[in-house]
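Welcome! Here is a short tour for anyone who likes to think in contacts and surfaces. Have a look at the model first, and then we can go through it together.

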Amino acid sequence: MKTELRICHLYSDLLNLYGDRGNILAFMYRAGLRGIDVRVTPLTIGETYDGDQYDIVFFGGGQDAEQNIIRRDLVQNKGEAVKEAIEKGKIFLCICGGYQMMGKYYEEFDGNRIDCLAALDVYTVAQKKRLIGNTVYRCDFLEGSAAQGCFEPNNLYGFENHSGRTFLGEGVRPLAKVMTGAGNNGEDGTEGAVYRGVYCTYSHGSLLPKNPAMTDYLLENALKQSLGEDYRLTPAPCEIENIARLQRETCKKGLTNP
Ligand code: GLN
């Protein structure tokens, strides 16, 4: 039987800053290397979210204005079903603005508070000065991924641009440590957040095209839920991605321009 992966792209028409759709393309590319079909369903304001219909939920980043626009629909229309799916361990990848909307609130630097989904024990407060630049974040769970020969698999190479500073509560753990960049708040050296199957990061770029170990990790964990705990993604090469990763390493050492 042909395996199919079902992805829900939340607010793909509103929260899609810095080409975050590239993450969907990376899922499609690396699933395709294993002959796995991918069906992507964009879901926007006014549309119902049914958690059992999807294996992965993707939630991209966006400007404060768009976060204000989607808030009511996220909290009042999709909220309970999204929280239920999270408690069931469904795989979510949330980037920057999408990450912030999963928390308790996002306070814009003018003091306007956006009450968010409160699915994760985090909150965000914006400041006037934006945190912008290339990033390297280091995880501790990607060593054994199916991305064959991935250069430094635990490194996440990306780009950040956010005014929000996010602080983690007791119930969540950081996704990674900051090697280069600001991460969650430019103070405590943490980056992103993980709660059950929800993976959040400030890394645009987009994140997954340059980070095949993370892509494969999320794919494998999503497919385990429909194919069983013993399911393992077959190993697949990542030469193309390694070119981009090695280039980031050389520019990190200031040897060439990014
Ligand atoms: N608007 C949010 C902030 O500025 C998120 C930005 C983003 O998604 N890049 O922090």
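This is a predicted model: local features need pLDDT of at least 70, side-chain atom pairs count only at pLDDT 80 or more; totals for chains, interfaces and linings use all residues.

Now to the ligand. It is surrounded by 17 residues, of which G62, D64, Q67, C96 and H204 are the closest. By class, this shell holds eleven polar, four nonpolar and two charged residues. Which elements each supply at least two residues of the shell? They are α2 (64–87), α3 (97–101) and β9 (155–168), and β9 gives the most, with four residues.

| Residue | Atom of the residue | Distance to a ligand nitrogen atom |
|---|---|---|
| Q67 | polar side-chain atom | 2.7 Å |
| H204 | side-chain N or O atom | 2.8 Å |
| N161 | backbone N or O atom | 3.0 Å |

How much of the ligand does the protein bury? Taken alone, the ligand exposes 290 Å², and 99% of that is buried by the protein.

Next, two individual residues. T124 sits in strand β7 (residues 122–138). Is T124 buried or exposed? It counts as buried because its relative accessibility is 0%, and buried means under 20%. The side chain of T124 is joined to that of T166 by a polar contact of 2.7 Å. Neighbours within four places in sequence aside, T124 is in contact with Q100, Y105, Y106, E107, G164, R165, T166 and Y202.

I45, by contrast, lies in a loop, the one between β2 (37–43) and β3 (56–59). With a relative accessible area of 39%, I45 is partly exposed, since that class covers values between 20% and 50%. Leaving out neighbours within four places in sequence, I45 is in contact with Y11, L14, I69, I70, D73 and K78. Where does I45 stand relative to L10? The two are 35 residues apart along the chain, and their C-alpha atoms are separated by 9.1 Å.

Methods
Residues are numbered from 1 along each chain as its sequence is written. Side-chain values use heavy atoms; hydrogens and water are left out. A residue is near a molecule or strand if one of its heavy atoms lies within 4 Å of it. A polar contact is a pair of N or O atoms within 3.5 Å; within protein, one must be able to donate a hydrogen and the other to accept it, and residues adjacent in sequence count only if both atoms are side-chain atoms. Accessible areas come from the Shrake-Rupley method with a 1.4 Å probe; for residues, only the protein chains shown count as cover. Ala, Val, Leu, Ile, Met, Phe, Trp, Tyr, Cys and Pro count as nonpolar, Asp, Glu, Lys and Arg as charged, and the others, Gly among them, as polar. Buried means under 20% relative accessible area, exposed over 50%, partly exposed in between (1.4 Å probe, protein chains only). Contact means heavy atoms within 4.5 Å.
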